[in-house]
Structure formats: C-alpha cells, structure tokens
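I opened the model to look up a few strand pairings, ring pairs and side-chain contacts. The entries below follow the order in which I went through them.

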Amino acid sequence: MKKKANFYKVSKENFLSVFNDEKVYEEIKLPKRATTGSAGYDFFAPFDFTLSPNETITIPTGIRVKIDEGFVLNLYPRSGLGFKYRLRLDNTVGIIDSDYYYSDNEGHIFVRLTNCSIDKTLTVKAGEGFCQGIFTEYFITYDDEVSEVRNGGFGSTTK
C-alpha cells in the first residue's frame with residue numbers, strides 16, 4: 001500500500017480556543033486502523049459525550065491531516081453506531097480536502113453528529129471510536145483552471 005497522508009494533533013492553543021480543557025488535549029489519540037484489512041481510520045472521542053434521541057453535538061477532534069494532492073479523507077459514522085443508533089454526520093459525509101491542512105485553523109477537523117434513533121441514548125467514552133475516515137483518490141476535469149486558495153473550514157470554498 002502506498003502511504004498518502006499523516007495525522008497530527010492541532011496545536012494546544014488551537015484546541016484550547018474551542019474546548020478549554022488541557023487534560024483532554026493531552027489525551028487526544030490519533031486516528032488508526034483496527035486491522036490490516038480495515039479501510040477506515042477510527043477517530044476517537046476526545047471526551048465523554050452522551051446523545052439522547054434527536055440530540056446533536058459538535059466534536060472538536062483535535063486532529064488535522066496532511067494529505068497528498070489528489071486524495072481526500074471522507075468521514076463517516078462508525079458502522080456499528082450507525083446501525084444501532086442511526087448515528088449520522090450532519091453533513092452526511094465529511095469531506096477533508098488536502099488543502100484544509102493549511103487553513104488558519106490548522107485544518108482542525110470537527111465532527112457534528114446527531115442521534116437519529118427513536119428511543120436509544122448513545123454514550124461514548126473518551127478514547128472510544130465514534131467515526132471513521134477513509135482516504136480516496138479523486139480526479140479533476142481536463143479544463144479545470146481553478147487558482148483560488150482555501151482559508152477556512154465549512155463553506156470556505158464557496159465564498
């Protein structure tokens with residue numbers, strides 16, 4: 001397998017600006033695959049959270065990823081959580097572009113989740129996997145002439 005990316009923690013200053021808990025920052029775990037056959041890199045909860053039915057949370061993961069050009073990281077709920085709790089990412093699939101790493105926010109990956117179950121409360125402990133990221137290659141058109149440079153997160157490429 002060719003390696004195309006690397007995960008890092010965002011700076012302590014960046015993380016503390018959105019979630020003011022130094023202990024949480026120190027214990028952030030970088031995403032990793034569970035087995036040699038796993039396509040997805042598990043993202044681990046930086047803190048405990050509970051989601052009642054129809055409740056939503058935004059999680060600052062403390063993670064950034066440096067990706068080779070021509071590849072993207074797609075984020076999905078962990079399969080078991082999606083099946084048991086109808087856990088959904090609010091943007092359906094998170095798209096982490098290769099140039100996001102260089103944004104003013106250091107490419108800090110945030111995940112917004114909703115528990116869409118009717119009657120099940122979801123509890124995730126710090127250090128447990130809650131979503132997964134899969135790297136995929138993408139292509140561009142022959143007539144593509146874009147020259148804009150990203151600086152920001154959600155919605156920044158359409159401003």
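Entry 1, strands. I looked up Leu89 and found it opposite Leu113 in β9. This is a predicted model, so I read the positions as such. Strand β9 covers residues 110-115 and is joined to β7 by three bridges, with the two strands running antiparallel. I then traced the sheet: three strands in the order β4-β9-β7, open, with antiparallel pairing. β4 (56-60) and β7 (87-89) are the edge strands, each pairing on one side only.

I describe a pair of aromatic rings by the distance of the centres and the angle of the planes. The count came to 10 aromatic pairs. For Phe15 and Phe19 I noted centres 5.9 Å apart and planes at 50 degrees, so this pair is tilted. A pair is called edge-to-face only over 60 degrees and stacked under 30. Is Phe15 buried or exposed? Phe15 is buried, at a relative accessible area of 0%. Phe19 is partly exposed, with 24% relative accessibility.

Tyr41 and Phe135 are edge-to-face, 5.7 Å centre to centre with 75 degrees between the planes. I checked where they sit: Tyr41 is in strand β2 (residues 41-44) and Phe135 in strand β11 (residues 129-137), so the pair ties together parts that are 94 residues apart in sequence. Tyr41 has a relative accessible area of 26% and is partly exposed. Phe135 is partly exposed too, at 23%. I also found that ring pairs link Tyr41 and Phe135 with Phe7 and Phe43 into a cluster.

I looked up Lys9 and found its charged end over the ring of Tyr25, 4.2 Å from the ring centre. The charged end of Arg64 sits over the ring of Tyr101, and here the distance to the centre is 3.7 Å.

I placed Asn14 in helix α1 (residues 12-18). Its relative accessible area is 12%, so Asn14 is buried. Which residues does Asn14 touch, not counting those up to four places away in sequence? I listed Asn105, Glu106 and His108. With His108 there is a polar contact between the side chains, at 2.8 Å.

Methods
Residues are numbered from 1 along each chain as its sequence is written. This is a predicted model: local features need pLDDT of at least 70, side-chain atom pairs count only at pLDDT 80 or more; totals for chains, interfaces and linings use all residues. Side-chain values use heavy atoms; hydrogens and water are left out. Rings of Phe, Tyr and Trp (its six-membered ring) pair if their centres lie within 6.5 Å; planes under 30 degrees apart count as stacked, over 60 as edge-to-face and the rest as tilted. Buried means under 20% relative accessible area, exposed over 50%, partly exposed in between (1.4 Å probe, protein chains only). Helices (H or I, at least four residues) and strands (E, at least two) are DSSP runs, numbered from the N terminus. A charge sits over a ring if NZ of Lys or CZ of Arg is within 6 Å of the ring centre and within 35 degrees of the ring normal. A polar contact is a pair of N or O atoms within 3.5 Å; within protein, one must be able to donate a hydrogen and the other to accept it, and residues adjacent in sequence count only if both atoms are side-chain atoms. Contact means heavy atoms within 4.5 Å. Two strands pair if DSSP finds at least two bridges between them.
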